[in-house]
Amino acid sequence: MKPLMLHGHERAITQIKYNREGDLLFSSAKDHSPNVWYSLNGERLGTFNGHSGAVWTLDIDWQTRFFMSGAADFTLRIWDCSTGTQLGNIVTRSSVRTCAFSYSGNMAVFTTDKAMGHPCEIFVVDTRNIDSSFSDNDPIMRIPISDSKVTSILWGALDETILTGHEDGTVKIWDLQSGKELAKAREHTNSVNDMQMNKDQSMFITASKDNTARLFDANNLMALKVYKTERPVNSAAISPILDHVVLGGGQEAMDVTTTSTRIGKFDSRFFHLVFEEEFGRVKGHFGPINSVAFHPDGKSYSSGGEDGYVRVHTFDQSYYEFNFDY
Amino acid sequence: MYGKFGTIINEFYPTDEKNVTKGFIFLEYKNPSDAVDAVNATNNYKLDKQHTFLVNHYSDFEKYSNIPDEWTVPEPQEYKDQGNLHYYLLDPDAYDQYCLICSGGSTVQIWQNAAPEPTVVEERPNWTETYVRWSPLGTYMATFHARGVALWGGPKFKQIMRFSHTGVQLIDFSPCERYLVTYSPDGPSDQRRVIIWDVRTGAEKRSFSLDGVSLWPVFRWSPDDKFFARIGQDVLSVYETPSFGLLDKRSIKIPGIRDFAWSPTDNILVYWVAEDKDVPARVCLLEIPSRQEVRANNLFNVADCKIHWQKSGDYLCVKVDRYSKVKKEKNDAKYSVSFCGMYYNFEIFHMREKLIPVDSVEIKEPIHAFAWEPVGSKFAIIHGDQHSINVSFYGVKQGQPPSLLKKFEKRQCNHLFWSPTGQFIVLAGLRSMHGSLEFIDTNEFVVMNAGEHYTASDVEWDPTGRYVVTGVSSWKQKVDNGFWLWSFQGKKLKKHNIDGFCQLMWRPRPPSLLSAKQQKEIKKNLKKYTPQFESKDRMRSTRASKELIEKRCQLMKTFEEYRQKNIQAWNEAKTRRLELRNNVDTDELESDTKNVEEEEIEFLVKEEHTVIEE
């Protein structure tokens with residue numbers, strides 16, 4: 001399959017996400033402006049200018065009205081999707097590491113890093129009306145995290161729970177009403193880099209620095225599957241139409257003393273969801289892959305890498321025809 | 001020394017008129033069993049060159065003076081069955097075992113190289129404290145501990161024997177596995193640095209206190225375990241077993257001796273003496289125990305020599321570094337000598353021919369590696385400078401000087417690995433050369449396959465010559481650790497990525513019990529045997545895929561059950577979802593029929609040019 005190469009960022013990509021309908025692809029990077037592209041042909045729609053630090057995280061509400069981004073400049077900003085104007089801004093006390101809109105779009109959750117005496121905290125805010133007073137509103141819920149900091153976050157089904165992935169590899173589920181920790185799973189042995197839900201929000205996949213990705217049940221954190229590689233996994237996604245998952249990763253630049261001099265050899269790997277067996281690799285990135293996402297219709301997927309490129313791949317016929325014997 | 005057997009209550013050193021000890025002492029132990037141990041362990045113990053301990057129980061004197069005139073049959077000692085130590089050779093499919101050290105050295109596993117997947121035979125964490133060694137014929141595995149060495153063997157890898165030598169760092173087995181040499185540089189003040197043990201009984205046979213070891217193994221064994229020797233300043237000391245004393249009670253004086261090596265099959269050793277002003281360097285073949293010089297070769301302008309025996313003992317090669325000019329520079333009242341214009345000679349000794357003729361092959365370029373074909377009569381060398389590395393193969397035949405068989409030019413390799421059965425060789429470019437591998441059949445000098453294992457640090461053939469393992473050890477680098485299994489033809493069979501992989505060592509096999517004639521018979525009738533093996537292989541692979549398919553079927557079934565529950569919950573929660581999104585149905589991309597807009601987009605599909613008029 002011939003990929004679309006989207007080159008709009010000068011620094012490493014940190015996260016990419018499709019909107020609910022899949023026609024737009026949003027990307028954030030360590031350069032301070034997230035971009036939005038048409039996923040059909042790769043044409044860039046625009047950039048969101050305003051941040052003054054590396055943008056770590058982004059999310060879009062289900063109606064594609066609002067775009068939210070959190071950055072290392074200690075702000076969480078909400079923008080209008082179609083025009084790119086900044087609507088609201090929350091100033092925090094340390095870098096915003098993760099953020100997510102709730103299923104209904106009425107609430108958003110974000111977390112801040114542990115830095116300079118401030119602990120890592122989970123904030124839940126009301127997003128029904130976004131205007132200049134947004135930053136002055138009190139958060140609905142504020143949960144300080146005393147142990148390992150949060151590296152990844154998801155809303156549970158029906159917005160009643162919040163799922164967090166931590167730097168020590170634990171995954172926790174929190175009750176929204178009470179702010180209490182409901183359950184904890186200690187399966188990974190190193191930092192959880194990314195978590196993504198499947199289409200019906202019953203399961204989610206975690207990507208970890210311990211070279212594995214794991215599939216969990218979203219309600220009780222039961223560990224379902226493990227996908228093993230030999231490189232740290234930075235991101236993982238579940239296909240909405242087939243029993244496939246894609247993993248993207250790679251050794252961090254500072255850990256490698258000798259790299260393969262063959263160019264373009266960082267690959268995204270496809271595993272079968274149930275059999276845990278790898279069946280394909282897509283090469284092409286010039287650096288570790290930091291974020292992967294399936295298009296909501298499952299017919300294509302994208303990957304963003306350390307090299308600053310976003311590659312959009314459309315699957316060809318052989319992908320659909322491939323089947324494991326069982 | 002005797003203190004370690006138990007507490008000594010009494011010591012009596014009888015002296016004569018001049019107050020010099022008569023040469024014997026009386027010792028009394030607290031426990032009679034300690035006295036028995038002391039006698040057993042030290043009787044006939046060689047204290048040094050001239051003195052041997054002869055130890056008896058005091059009660060023995062009574063016993064011997066009271067020998068009854070009738071002879072009673074001594075009771076047989078109970079036989080401790082150690083199990084079948086060679087069980088692994090009886091494997092019906094001839095799978096080899098290998099031991100794997102991983103997790104940075106803390107876990108040792110023994111695997112059997114079965115098809116299609118290798119199986120673990122034994123795994124023990126912290127089996128050893130540093131590393132592991134197989135004995136030369138593969139019977140035992142030795143592990144290292146702070147207090148000594150342990151030997152394991154048999155089908156369950158039970159502990160066969162234990163040798164206590166505190167702080168042991170290096171060991172060496174004798175070729176027939178009868179003796180074990182251990183070296184501990186920082187032992188307690190006992191001063192016993194090197195100890196030689198009997199493997200079967202675990203008894204200490206001899207110990208030496210050597211200050212510093214330049215090259216291990218210090219003691220080198222003759223192929224039948226009858227002799228062992230070491231080199232000293234201008235002297236070669238040869239010892240014999242089982243008495244462990246010096247052969248003929250004296251060392252052999254060889255002024256200027258630099259290095260020596262035993263033939264792998266005969267009791268002959270070769271040594272070389274460095275050049276001294278006008279006296280040329282010499283390479284000598286000495287027969288033991290007769291100490292007869294079987295052959296000697298004088299060489300001029302020698303800077304250094306390296307000894308390479310061929311594994312079947314048919315040929316010996318001495319690589320001689322020769323110079324054409326000597327530069328003597330004077331700095332600070334000392335002459336420093338440097339050699340210029342180096343060229344290299346290979347002196348090939350035909351060991352099996354009468355009077356051992358010697359042939360010479362000269363190469364003008366620097367040599368990087370040399371290796372004999374283990375079974376056969378070829379040798380390979382890597383030569384050339386950094387930019388143009390060549391590999392040359394020479395064949396040696398009885399009564400003829402070596403002839404150049406084939407030269408491969410401009411290869412990326414720095415190591416040669418012959419198959420233990422000969423004929424096949426792997427040219428490897430390890431470390432700096434990106435792990436490039438070439439598999440060559442030397443019967444036709446054809447490159448069967450070329451592959452690459454990036455950053456490979458080690459290459460090992462299995463003892464039968466069927467497989468090659470290339471590994472990236474975590475002792476050399478921390479990334480991408482693991483090993484790959486190749487067939488002898490260079491086909492990549494399997495990749496094992498193991499975090500913290502340190503080392504893989506194949507279990508050696510003892511030499512085949514079949515005579516050369518029988519082996520030839522089998523090779524001739526190979527066609528008869530191959531269909532048997534093929535059908536077995538085919539059955540095995542279908543069985544494997546059947547197992548795999550069953551496993552997958554099971555996984556899918558369990559998962560589908562789980563998934564059904566989720567789908568049910570999803571359906572039940574539909575109303576809640578609609579609530580959250582203002583009654584907009586977003587479950588499927590097309591489910592929201594109200595908010596859909598149809599847009600017609602035109603794409604340029606094809607351009608066609610038709611020329612209407614010329």
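This is a predicted model: local features need pLDDT of at least 70, side-chain atom pairs count only at pLDDT 80 or more; totals for chains, interfaces and linings use all residues.
Let me begin with chain A, which has 28 strands and one helix. Of its 326 residues, 61% count as buried, and the accessible surface of chain A comes to about 13100 Å², with 46% of that belonging to carbon and sulfur atoms. If we take the contacts in chain A with a separation of 6 or more, 43% of them are made by residues 24 or more positions apart.

Now to the place where the two chains meet. The size of an interface is often given as the accessible area lost when the parts come together. Here, chain B and chain A bury about 3100 Å² between them, and 60% of this lies on carbon and sulfur atoms. Chain A brings 39 residues to the contact, while chain B brings 30 residues. Three salt bridges are counted between the two chains, and in a salt bridge between B:Arg552 and A:Glu277 the side chains meet at 2.8 Å, N to O.

Finally, let us look at chain B, where four strands form an open sheet in the order β5-β4-β3-β41, paired antiparallel. Because β5 (119-125) and β41 (503-506) of chain B stand at the edges with a single partner strand each, one side of each is left without a neighbour in the sheet. From one strand to the next, the twist averages 20 degrees. Strand β3 of chain B, residues 97-102, is joined to β41(B) by four bridges, the two running antiparallel, and B:Ile101 stands opposite B:Gln503 in β41(B).

Technical notes: Residues are numbered from 1 along each chain as its sequence is written. Chains are lettered from A and ligands numbered from 1 in the order in which they are written. Side-chain values use heavy atoms; hydrogens and water are left out. Two strands pair if DSSP finds at least two bridges between them. Axes are lines fitted to C-alpha atoms, for helices over the stretch in contact, and angles run from 0 to 180 degrees between N-to-C directions. Buried means under 20% relative accessible area, exposed over 50%, partly exposed in between (1.4 Å probe, protein chains only). Contact means heavy atoms within 4.5 Å. Accessible areas come from the Shrake-Rupley method with a 1.4 Å probe; for residues, only the protein chains shown count as cover. Buried area is the accessible area (1.4 Å probe) that two parts lose on being put together, summed over both. A salt bridge is a side-chain nitrogen of Lys or Arg within 4 Å of a carboxyl oxygen of Asp or Glu.
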